[in-house]
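Take a look at it first, and then read on.

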Amino acid sequence: MLRRLRVYLNGIVLLLSLSIYAQAETPEILDDQIEKGVELMFQGKHSQSIELLLSLQSIAKKNQWYEQVFRSTLNIGSNYYLLSDYGEAVIFYLRAYEIAIEHLGPSEEMTVLNNIGVLYFKEHDNSQAKTYFFKAYQKAKDTENSVKVGYYAVNLALVSNKLKQPDSAQTYIEEALPLLETEPNVLIQAKMAQSEMFLLKKQYANSEQIALSLLPKLQDISQVQNRVFTYLILAQLNEHQNHLDKALSYALKARESNTSMENRVEVYEQLSNLHGKIGSLEQALVYKDSVIIASDSLTVMRNRKLFENEKVKFQIQNYQHELAESKQTLRQERRFLYSVIGITLLLMTFILWVLRSNAIKHKQRKTIVELELAKEKSDYLLIEKQLREQETLALLEQERLKNELEVRNRKLTAKALYLSSKNSLIEEVIASLSKHNEVSENPELKKQIRALKKHLKTDTQWDSFFTHFEEVNQGFLDRLKHKHEKLTPSDIRFITYLYMNLTNKEIASLLNITPQSCRKRKERISNKLNVPEGMTLHTYLSTI
């Protein structure tokens, strides 16, 4: 288990490193690396330069960064050019040319065309060289790149001189000179071509004037080849004018300045010719031998370069083989890493599915609980609503009964008032009759008055009143008597009137007493019932 975990972690680390490396691969970084490859090339480290440029070319192709593909391919060709493997150089130049045509533009196309022209010029295939120089020149004209037009016009002038076409060379030089005022090094090349052109046209004075004006500018070590070329022109034009000593002087200066094996053959041939014309045949033969030796040395040098070139090719093939093996290893590691990632993703997907299923189930359970709670709440609200309705109905029924009770009590009150008024009327009639003497003398009237008085003392109607009161206010009198056993019938009657909410005046009329006596009696009964302080007697009676 631990071993699998370690493998998994290593895969994750590899993935991170690959992602970091992928982020590091940018066109700008590749441009910097290509510049390093160019520096190695000029340092003579061609094997290292080509290896680096090939790897950068591969990265650029993978990412379809065509500008970087072009630059790396072109500089690989330049490496082979410096190794004198012109055939291999042409192959890479043509590849760069195809990339420029398909994906880039005229600027890159003219650069490749000029480089191919230089290759043919080095191989002394001047006709082909002029063809490619002219193509580059025409591209520069189409893009209106005046500096490049000047560059390629100088190359056309130089190759035209080699083809013995001085008029053509003069046309290109006259076009180039105004365009190269800001390019001093190329301007020197143009002046050299102009000097050679005047030599071919036998305008020796013009040729010499230009060559002599160039010499002070060619003292730097980087201008050695140009200085040798200028000395040879001066030697040739003096030779043509039969100034042999002066020509020999310039030829010797060319030999002293020369460091390149390729130019050495031309210098020795010039010296051999001059010594032959002077009559120094022995010296002429020595320089002729030097020409042969220089040619042989040049051949040896070229063979050595070819051998070195083959070594470079072998190293590059070995590098490419190692690179292929590394790619194969990387592909295997990537496949393993992708397998680990795939398994991890499947596990994560499964875990997420399980978590999601649990979440859904939990949500469903929660929903069910919420629905059950909602149902219980709904049932509770329904029951509460029913209870409120029942309470409302009970209150309505209570109100109805209360209203009905009040109506009945009012009827009883009316009946009591009627009885009271009837008794009062009878008492008034008796009192009025008793004032007349005739009544006292008339036995029949006395008998009628006694009957009336007897009627006042009859309580049957009042008994009927209390019977009706008990029917209307069921249990009140029993509760009252049970709670207050010391009450007299007279007190109970008085309390009954109070319970019916009759006024003092109405009660006084019913009981044939004054309102003041009614109030006093009310106070006495309150004390007797022990009514709490702050509570009215009627309120207290309502609680019974």
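What follows is a short tour, from the overall make-up down to single residues.

## The big picture

First things first: this is a predicted model. The protein has 23 helices and zero strands, so keep the helix numbers handy as you read, since they are counted from the N terminus.

Of the 544 residues in the protein, buried ones make up 36%. Now take the contacts in the protein with a separation of 6 or more: residues 24 or more positions apart account for 60% of them.

Let's head inside. In soluble globular proteins, nonpolar side chains tend to be buried together. Here, the largest nonpolar core has 62 residues. The ones with the most contacts inside this core are Phe70, Ile76, Tyr80, Tyr93, Val112, Tyr137 and Val154. Helix H8, which covers residues 146–162, gives the most to this core, with eight residues.

Pick out Phe70 and look at what surrounds it. Leaving aside residues up to four places away in sequence, Phe70 touches Ala96, Ile99, Ala100, Leu104, Glu108 and Val112. There is also a second, separate core of 25 residues, and its members include Phe469, Leu487, Tyr497 and Ile544.

## Helices H7 and H9

Two packed helices are described by the angle between their axes and the distance between the axes. The crossing of H7 with H9 is left-handed.

Which residues in H7 and H9 meet? On the H7 side they are Lys130, Phe134, Tyr137 and Lys141, and on the H9 side they are Ser168, Tyr172 and Glu175. Sorted by class, this contact of H7 with H9 has three nonpolar, one polar and three charged residues. Tyr137 is a name you have met already, as one of the residues with the most contacts inside the largest core.

## Helices H20 and H21

Now for another pair. Helix H20 (residues 489–499) and helix H21 (residues 504–511) pack at an angle of about 145°, with their axes 10 Å apart. The crossing of H20 and H21 is right-handed.

From H20, the residues Arg493, Phe494, Tyr497 and Leu498 meet Ile507, Leu510 and Leu511 from H21. By class, the contact of H20 with H21 has six nonpolar, no polar and one charged residues. Tyr497 is also among the residues of the second core.

Ser160 lies in helix H8, and, not counting residues up to four places away in sequence, Ser160 touches Lys130, Gln165, Ser168, Ala169 and Tyr172. Ser160 and Tyr172 are twelve residues apart in sequence, and their C-alpha atoms are 9.2 Å apart in space.

Asn79 sits in helix H4, residues 66–82. Its relative accessible area is 0%, so Asn79 is buried. Beyond residues up to four places away in sequence, Asn79 touches Met41, His46, Ser49, Ile50 and Leu53.

## Out in the open

Glu28 lies in helix H2, residues 27–42. With 53% relative accessibility, Glu28 counts as exposed, because the cut-off for exposed is over 50%. Glu28 and Gln68 are 40 residues apart along the chain, and their C-alpha atoms are separated by 9.3 Å.

Finally, visit two loops. Most residues other than glycine have a negative phi. Lys202 has a positive phi, near 60°, and is not a glycine. Lys202 is in the loop between helix H10 (184–200) and helix H11 (204–214), and at 62% relative accessibility it counts as exposed. Asn530 is another residue other than glycine with a positive phi, about 55°. Asn530 lies in the loop between helix H22 (515–529) and helix H23 (537–542), and with a relative accessible area of 61% Asn530 is exposed.

Methods:
Residues numbered from 1 in each chain as written. Predicted model: local features only at pLDDT ≥ 70, side-chain atom pairs only at ≥ 80, totals over all residues. Heavy atoms only, no water. Left-handed = near helix turned anticlockwise from the far one by under 90°. Helix = DSSP H or I, 4+ residues; strand = E, 2+ residues; numbered from the N terminus. Contact = heavy atoms within 4.5 Å. Nonpolar A, V, L, I, M, F, W, Y, C, P; charged D, E, K, R; others polar. Core = buried A, V, L, I, M, F, W, Y, C linked by side-chain atoms within 4.5 Å. Buried < 20%, exposed > 50% of the residue type's maximum accessible area, 1.4 Å probe, protein only. Axes fitted to C-alpha atoms, helices over the stretch in contact; angles between N-to-C directions.
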